[in-house]
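Let's take a walk through this protein together, one stop at a time. Have a look at the sequence and the model below, and keep them in view as you read.

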Amino acid sequence: MRPPRVSDRLRFIASLVLPGARLIDVGCDHALLPIYYLLGDPEAKAVAIDNKDGPLRVAAKNVSRWGLDDRLTLIRGDGIPSGLLQAGDCVVIAGLGGVEIGQILTQIESAAAMYVLSPHSRAEVLRETLSQLSLAIVAETVKAEGGRTYLVMTVKPSVKSIMYSDDERWIGPHCLTQLDADFGDAAFLLYMRRLKRHLSRVVRHDPTAASPLARLEQYIGRIDA
Ligand SMILES: C[S@@+](CC[C@H](N)C(=O)[O-])C[C@H]1O[C@@H](n2cnc3c(N)ncnc32)[C@H](O)[C@@H]1O
């Protein structure tokens with residue numbers, strides 16, 4: 001059977017999962033991401049978790065429709081259930097806020113091999129939580145979908161301690177290097193324009209936003225010149 005039609009963002013997230021890894025999709029909604037992933041990797045397994053009955057009903061129908069009941073386990077749960085994670089797992093948490101993603105990661109007892117995280121808000125709070133948990137951001141990409149822009153972070157456990165500057169925490173350590181490289185991707189530029197507008201409001205009550213705001217003003221000024 002043909003794989004489900006999924007957005008470019010979800011296809012990109014699926015491409016980041018280590019081949020053969022068990023995918024743990026937290027906040028799975030329709031479960032189209034794990035279905036798409038499993039149809040591309042016949043040996044892999046997945047667990048899809050959601051904390052609401054409505055999405056899980058749709059997910060269950062989709063899992064049966066694509067004949068994946070023996071490879072995809074659906075769980076009703078808040079975050080990652082205790083004892084579920086195994087060392088080689090890849091955890092995806094996409095489409096939740098950065099604060100909530102951070103809370104879910106803080107509650108898990110053992111490390112996964114990697115995490116793909118896509119917060120729809122408060123990425124700076126998530127980066128702070130990741131540094132406290134010694135989880136290193138190894139890549140950041142911006143994807144556009146339906147007029148919105150989504151940050152996608154690839155994250156791995158680190159033995160080194162991690163401390164982010166204000167610029168890195170607000171803009172992202174890898175996005176920051178893309179500013180210097182004059183990265184011209186349309187989704188990235190749109191994301192940075194929106195972040196600049198957000199920072200110009202935040203700076204009125206949070207002085208840590210001043211330096212990243214200046215960096216973005218400089219970057220966008222250069223693009224618009
Ligand atoms: C906006 S949808 C995102 C769906 C999909 N991950 C994506 O990126 O397209 C968020 C889903 O996460 C679920 N959710 C929110 N908080 C959750 C939590 N703490 N644990 C499990 N599921 C959660 C919601 O019920 C909803 O189905």
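Our first stop is R122, which sits in the loop between β5 (114–119) and α5. Keep in mind that the model you are looking at is predicted. The backbone of R122 has a phi near 50°, a positive value in a residue other than glycine. Is R122 buried, partly exposed or exposed? With 44% relative accessibility, R122 counts as partly exposed, because that class covers values between 20% and 50%.

A31 also has a positive phi without being a glycine, here near 65°. You will find A31 in the loop between β1 (23–26) and α2 (32–40). A31 is buried, with a relative accessible area of 0%.

Two further loop residues are worth a visit. G79 belongs to the loop between β3 (72–76) and β4 (90–96), and at 6% relative accessibility it counts as buried. How far apart in space are the C-alpha atoms of G79 and I108? They are separated by 8.4 Å, while the two residues are 29 residues apart in sequence. D69 is found in the loop between α3 (53–65) and β3. This residue is exposed, with a relative accessible area of 52%. From D69 to L16 you count 53 residues along the chain, and their C-alpha atoms are separated by 23 Å.

Now let's turn to the largest pocket. Its volume is about 410 Å³. The pocket is lined by 18 residues, and the closest to its centre are H120, S121, Y191, R194 and L195. Which elements give two or more residues to this lining? They are α5 (123–132), β7 (148–157) and α8 (186–202). Of the elements, α8 gives the most, with six residues. Sorted by class, the lining has seven nonpolar, four polar and seven charged residues.

A search of the whole structure finds one aromatic pair. The partners are F188 and Y219, whose ring centres are 6.1 Å apart and whose planes meet at 80°, so the pair is edge-to-face. F188 lies in helix α8 and Y219 in helix α9 (residues 210–224), so the pair ties together parts that are 31 residues apart in sequence. Both partners are buried: F188 has a relative accessible area of 2%, and Y219 has one of 1%.

Our last stop is the cysteines. How many disulfides does a search of the whole structure find? The count is zero. To see why for C90, look for the closest cysteine sulfur, which is in C28: at 15 Å from the sulfur of C90, it is too far for a bond. A disulfide needs the two sulfur atoms to be within 2.5 Å. C175 is in no disulfide either, since the nearest cysteine sulfur, that of C90, is 19 Å away.

Definitions and conventions
Residues are numbered from 1 along each chain as its sequence is written. This is a predicted model: local features need pLDDT of at least 70, side-chain atom pairs count only at pLDDT 80 or more; totals for chains, interfaces and linings use all residues. Side-chain values use heavy atoms; hydrogens and water are left out. On a 1 Å grid over the protein atoms alone, a cavity is a set of points where a 1.4 Å probe fits but cannot get out, and a pocket is an open set with protein on both sides within 12 Å along at least five of seven lines; lining residues have an atom within 4 Å of a point. Grid points are joined across faces, edges and corners, and a volume is the space filled by probe spheres set on the points. Helices (H or I, at least four residues) and strands (E, at least two) are DSSP runs, numbered from the N terminus. Ala, Val, Leu, Ile, Met, Phe, Trp, Tyr, Cys and Pro count as nonpolar, Asp, Glu, Lys and Arg as charged, and the others, Gly among them, as polar. Rings of Phe, Tyr and Trp (its six-membered ring) pair if their centres lie within 6.5 Å; planes under 30 degrees apart count as stacked, over 60 as edge-to-face and the rest as tilted. Buried means under 20% relative accessible area, exposed over 50%, partly exposed in between (1.4 Å probe, protein chains only).
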